[in-house]
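Please examine the sequence and the model that follow.

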Amino acid sequence: MSTASAPRPIDVRAPRFVGGYTFVIAIVALFLALLRPVEATIGARATSPEFLLLLVLWASFAAGTFFGNGAHPFAAFFRAVIRPRLGPGEVEDPRPPRFALLIGFVLTTAGLALHLLGVPAGLAVSAGFVVVASFLQAFAGFCLGCQIYLALTRARIIRPTTPIAD
């Protein structure tokens with residue numbers, strides 16, 4: 001029987017910091033998507049400011065999802081610049097926040113694809129979900145994706161290799 005080691009814990013303040021930056025970028029993308037008509041050509045849609053902002057979030061979510069929480073650019077900035085100034089803090093299991101990044105990745109992928117296909121509200125709806133989730137994370141300390149992860153774990157739909165404390 002092999003024993004899997006628990007993943008390296010992360011600072012609990014990092015996801016809140018990431019949520020703040022994500023909120024700012026997503027809300028600007030949302031407002032631009034609501035105020036501007038969808039461009040007629042795919043090239044114009046792919047270079048629109050709202051698309052490019054959501055693309056930045058998509059790339060950030062992709063980095064965190066596929067390479068770990070620390071690979072997320074805003075988390076890396078927090079770890080390198082902010083955390084040394086704050087000192088040590090509480091730590092948490094990185095799996096729920098990483099799952100939350102996966103949800104953000106899926107939402108932004110859908111929004112970008114729908115926008116490229118010319119669906120009028122596709123990007124706005126996607127950005128709206130990201131705005132709500134990142135607002136809750138940054139300003140209320142409530143990680144919606146983490147709660148979904150924990151619910152799926154308790155329902156035994158997701159089976160982590162090491163136990164998660166309740």
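Is phenylalanine 23 buried or exposed? Phenylalanine 23 has a relative accessible area of 15%, so it is buried, a word that means under 20% relative accessible area, whereas exposed means over 50% and partly exposed lies in between (1.4 Å probe, protein chains only).

The model is predicted: local features need pLDDT of at least 70, side-chain atom pairs count only at pLDDT 80 or more, and totals for chains, interfaces and linings use all residues. Residues are numbered from 1 along each chain as its sequence is written, and side-chain values use heavy atoms, with hydrogens and water left out.

The chain contains 7 helices and 2 strands; these are DSSP runs (helices H or I, at least four residues; strands E, at least two), numbered from the N terminus. Of its 166 residues, 39% count as buried.

The whole structure holds 10 aromatic pairs. Rings of Phe, Tyr and Trp (its six-membered ring) pair if their centres lie within 6.5 Å; planes under 30 degrees apart count as stacked, over 60 as edge-to-face and the rest as tilted. The rings of phenylalanine 17 and phenylalanine 78 have centres 5.5 Å apart and planes at 45°, so this pair is tilted. Phenylalanine 17 belongs to helix 1 (residues 13-35) and phenylalanine 78 to helix 4 (residues 73-86), 61 residues apart.

Phenylalanine 23 and phenylalanine 139 form an edge-to-face pair, with 5.5 Å centre to centre and 85° between the planes. Phenylalanine 23 lies in helix 1 and phenylalanine 139 in helix 6 (residues 122-140), so the pair ties together parts 116 residues apart in sequence. Phenylalanine 139 is exposed, at 51% relative accessible area.
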